[in-house]
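Here's a quick tour for anyone opening this one for the first time. Have the sequence and the 3D view at hand, and let's walk through it topic by topic.

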Amino acid sequence: MAECGRVDSNTSSHTMDKSITLPPDEIFRNMENAKRFAIDIGGSLTKLAYYSTVQHKVAKVRSFDHSTKEAAGDKLYEIAVQEEVTARLHFIKFENAYIETCLDFIKDHLVNTETKVIKATGGGAHKFKELIERKLGLKVDKEDEMTCLIKGCNFVLKNIPHEAFVYAKHADSEFRFQTTNPDIFPYLLVNIGSGVSIVKVESEDKFERIGGSSIGGGTFWGLGALLTKTKRFDELLQLASKGQHSSVDMLVKDIYGGSYACLGLTGDLIASSFGKSATADKEFSDEDMAKSLLHMISNDIGQLACLYAKLHNLSRVYFGGFFIRGHPVTMHTITYSINFFTKGEVQALFLRHEGYLGAIGAFLKGAEEDNPNQYSWGENYAGSSGLMSVSPDMNPMQRARSGTFPFDMLEMDRLDRQLVNLPLLQDPSSYIPDTVDLTEDAQAREYWLSCFEEALDGVVKRAVASQPDIPEAAERAEKFRQKYLHKLQTLRHQPFAYGSLTVRSLLDTREHCLNEFNFPDPYSKIKERENDIALKYYEKAVKSLEELSWEDRQFALVRGVLAGNVFDWGAKAVSEVLESNPEFGFEEAKRRLEDRPWLVDSFDQWLERLKGPPHRCALFFVDNSGVDIILGVMPFVRELLSRGTEVVLASNSGPALNDVTNSELQILTERIAAMDPVIDSALREDRLTLVQNGSSSPCLDLSRLDKVLAMLVRERQTDLVIIEGMGRAIHTNYYAMLSCESLKMAVIKNSWLADRLGGKLFSVVFKYEVPAGAGKPH
Amino acid sequence: MSHRAFPWFGMDIGGTLVKLVYFEPKDITAEEEQEEVESLRSIRHYLTSNTAYGTTGIRDVHLEMKDLSLCGRTGNLHFIRFPTHDLPVFMQMGRNKHFSSLHTTLCATGGGAYKFESDFRTMADLELHKLDELDCLVRGVLYIDSVITSGPSECYYFENPTDLDHSAQKPYTLENHYPLLLVNIGSGVSILAVYSENNYKRVTGTSLGGGTFLGLCCLLTGCSTFEEALEMASQGESTHVDKLVRDIYGGDYERFGLPGWTVASSFGSMMFKEKRESVSKEDLARATLVTITNNIGSITRMCALNENIERVVFVGNFLRVNILSMKLLAYAMDYWSNGQLKALFLRHEGYFGAVGALLGLLHPS
């Protein structure tokens, strides 16, 4: 059973000191626009879910009307900051003791009158039904617990990368996050509440409870309370973690004197749980009994889970329920049991947001008319607490925050675009975007955390500078600094808080925090200025390239892309040079480039390939605005077009650093087309297409791309993928395997990373790859 | 034809109990009697004239098999048990009765055959012939089933298992009913899939067995013997201790076809202080018995499904005088399989390993 009834430790009261004030800035955010509520009340924790809309400032660029062009002065295009409304899901978890205070707060801040019902699930829902109805004036509508659980589970598995993890107590990193397999079904969910429910999930709507067991969390708790002086669940786990089960259990070696070798049973294996306590004249310590009990129950659940997994031929088994909920002790014993019974064939999987599944599911039940499953959602790192390692010595909730009452949050943003895999990934299920997992690499983690910390002043400065006319910008920027610093500190202690820690996640978290404090595009004006300057040189650059011999031109084009890529405000080394020396130009960049042979150099193979037939279609993931896109990428694209290759230019949907966004690129391309008949005709004939990638990150996750892009890639029979820049081709996708030819080009603008890769500052990566067994390109 | 010298013993030294089978020849000729050494006669006399040995040794007289033909000899097979912790007393007795002078082989199985091998050598001057316990178990089960032709049937099942009050034991013939799932419930549990006398595999096992029942009962109630624990269990009510489906849902959980009486959480009500204060020791003993038994039932059922086997034979000393557990197992097999699975039981429940060891002596393979 998933249910966990009311328990004595919590019966003290569910009311609390009314003088506790809630921190409205942090908890119950955007309550003014909240609609659709759902609540999941468990044995000790309440999980509240609501849907709300968030007003965001977004930077929009718009081409000036040609008739009024003169009036715009020397501006390339118009940058307007607009208010945009986006949808966000809020989930908050707090102890049942605070439920009344929270309901009062919600009532005071709830202005939306449309809301009439609140979906409720969980064992405690009936108990608080009357209170909720009275306080909120909403009708409580109960939903089946298991249905909610499964709905929630499907939702997080589909929408949150790195949701599932394997727990390894003694490994370098306790949490090993799993890559999201696009196909999440079928799977087995073992929910360990007071009893155990084993559910086979076959599709979004099809699941079946195939079995269960009465030996579950309630058995541990109930027997533990009878056998020891400890009466609380958490404390019993803590007790167990200090015990020695071998004084209570009869081991194989107690019977055999050693191992039972012919069956492969080792001496330390438990032959009979509590087998040594069958005596009236011996005392056993509470710790030892609790440990024996924990092993007995974990092993039993693990064994049954394996038997069901085997019978139904399922290899993905997720564990949840209050017995698991972030407790390292039980995650370890369950993992151990699964390894033992399946000889490592099945891995026990756990979920980062396991505690929220019921609330998410109940919410989704109530929001079916909004079709939430039609959209892609993304975890908002700025508004989510992240996974806490629950040391048995500490109450998880007490660690979450200090000062106010403890709570935990998850926020998910509805994305404008539906995200899917790049169809050209060789194996989507094993694709990992990130090159280095900082959760596992402590040295790299230390470097990057410090690097981001040191860069923070500059980011704050730039954010303030981007809003010169707004006096309170400095104050907001300071709040941003505090928030991001806090995140970095959290990650220092809990690198696994948001899944695998990577350079990408650090960058994305920064973008989320900037957005949170209404700095939607701190680089907008810089980008505009750079674009403007670069456009002036475009014709000259193209002309000088055309004067070169074919072979020299191919090399010059590649050097151009690489030199253009040196212009990058995202990299510390470069932004310093750019800010101190505005004269640092394209030619200077070329001079700075490493001479061939480069650090990674397959230019000769690329040149050889170019002597062959043209590619059908090239997909080009672009990077920075300014010199990079205009003087580096565009001439390269122009050459491809001239060869007869169609080109799809994929750029960011939303701003990130000085990366060119899709809307900026639209304007730039039009301007270039006006100067260059090659680009102009390609554009008109649809041989050059601009698409957005669905992301607002300086990095690139090829498993979460705009659906339109994926369709186009398929339609055009794309046979070449080009990825440019450090964020997209080195921090991510360096090892990405594609099913077609690929070209990864980047300049390493970070001396630490250069060092790591065996190069030096401004080393060049030029990686041209043809998939093995792809046959001869045609 | 074997010419093994008497005495004929088979011994199974488990984690909790030592099981001993002894073949008492009844066809001793006058000539043989003349030649029989004193120590051999003394052992035979001691074992057959008593039903209890020391304070803890017991001969299960009701299980004795009379006029059994074994390797050309006719005699009675006796079934004796004593706690493993009294093994030193047994060894001392063997020494006093000059057992080692008989130059017999003592066939032993169970973990203790390995653990106490050197103790037998030093304390009783005896060399053990060690046999694998699962080989012995399978051999013993199939042998006993094949030789019992009269008297109470060795194998039986419960008719109407879903009506606990009116289910009755009915005889059953195991013969050639392969494949069988053999569940041996001793201190721990082993589950074997048996395809023929010489073809079997251990499917799995669980540490939640008879030792767990007794161990937990001792801790929860202060009792000290299996009989005491069973007696308490027979008087208790497990629903005071467990949380049932109806305690949560007010009735059946229809969405998943779970009847209200299903146990949702074993000992689940013991999370609450007021409930803990109101239960009796008998209730706790009963809940422990039900929990352990049902858990064995579920694991067995899953194994039967995975191995595609429909007949399950439960053996082991956990079932001794434990009609409650047998009925629960019969019920669980029948109910959760919709009548597909049949739970079978054997009268000599805990002695098959020892019988197998004796056969190992007579028919060394």
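Which residues of α13(B) are buried? They are Phe352(B), Gly353(B), Ala354(B), Val355(B), Gly356(B), Ala357(B), Leu358(B), Leu359(B), Gly360(B), Leu361(B) and Leu362(B). Here, buried means under 20% relative accessible area, exposed means over 50%, and partly exposed is in between, using a 1.4 Å probe and protein chains only.

Before going on, some ground rules. This is a predicted model, where local features need pLDDT of at least 70 and side-chain atom pairs count only at pLDDT 80 or more, while totals for chains, interfaces and linings use all residues. Residues are numbered from 1 along each chain as its sequence is written, chains are lettered from A and ligands numbered from 1 in the order in which they are written, and side-chain values use heavy atoms, with hydrogens and water left out.

**Chain B on its own**

- You'll find 13 helices and 17 strands in chain B; these are DSSP runs numbered from the N terminus, with helices (H or I) of at least four residues and strands (E) of at least two.
- Chain B has a radius of gyration of 22 Å, close to the 21 Å that the globule rule gives for 365 residues, so it is as compact as a globular protein of that length. That radius is taken over C-alpha atoms, and the rule is 2.2 Å times the number of residues to the power 0.38.
- Along the principal axes, the C-alpha atoms of chain B fill a box of roughly 75 × 45 × 35 Å.
- Of the 365 residues in chain B, 59% count as buried.
- Take the contacts in chain B (heavy atoms within 4.5 Å) with a separation of 6 or more: 67% of them come from residues 24 or more positions apart.
- Back to helix α13 of chain B, which spans residues 352-362: it is mostly covered, with 11 of its 11 residues buried.

**Where chain B meets chain A**

- Chain B puts 60 residues into the contact, and chain A puts in 57.
- About 4,600 Å² is buried between the two chains, with carbon and sulfur atoms giving 64% of that. Buried area is the accessible area (1.4 Å probe) that two parts lose on being put together, summed over both.
- On the chain B side, Leu219(B), Met271(B) and Met302(B) lose the most area to chain A, together 13% of what that side buries.
- There are 2 salt bridges between chain B and chain A, a salt bridge being a side-chain nitrogen of Lys or Arg within 4 Å of a carboxyl oxygen of Asp or Glu.
- Glu307(B) and Lys310(A) meet through their side chains in a salt bridge, at 3.8 Å from N to O.
- Several elements give two or more residues to the side of chain B that touches chain A, including α6 (133-147), α7 (210-221) and α11 (281-307) of chain B.
- The largest share of that side, 11 residues, comes from α11(B).

**Around Asn380(A)**

- Asn380(A) sits in the loop between β15 (377-379) and α10 (396-400) of chain A, and it counts as buried at 3% relative accessibility.
- The side chains of Asn380(A) and Asp413(A) are joined by a polar contact of 2.8 Å.
- Leaving out residues up to four places away in sequence, Asn380(A) touches Arg88(A), Glu411(A), Met412(A), Asp413(A), His512(A) and Glu516(A).
- A network of salt bridges links Arg88(A), Glu411(A), Asp413(A) and Glu516(A).

**More salt bridges**

- Over all chains, the structure holds 66 salt bridges.
- Arg352(A) and Glu379(A) form a salt bridge, with their closest N and O atoms 2.7 Å apart. The two residues are 27 residues apart, with Arg352(A) in the loop between β14 (347-351) and α9 (357-366) of chain A and Glu379(A) in strand β15 of chain A. Both Arg352(A) and Glu379(A) are buried.
- Glu639(A) forms a salt bridge with Arg553(A), at 3.0 Å between the closest N and O atoms. Glu639(A) is in helix α19 (residues 627-643) of chain A and Arg553(A) in helix α15 (residues 550-566) of chain A, so the pair ties together parts 86 residues apart in sequence.

Conventions:
A polar contact is a pair of N or O atoms within 3.5 Å; within protein, one must be able to donate a hydrogen and the other to accept it, and residues adjacent in sequence count only if both atoms are side-chain atoms.
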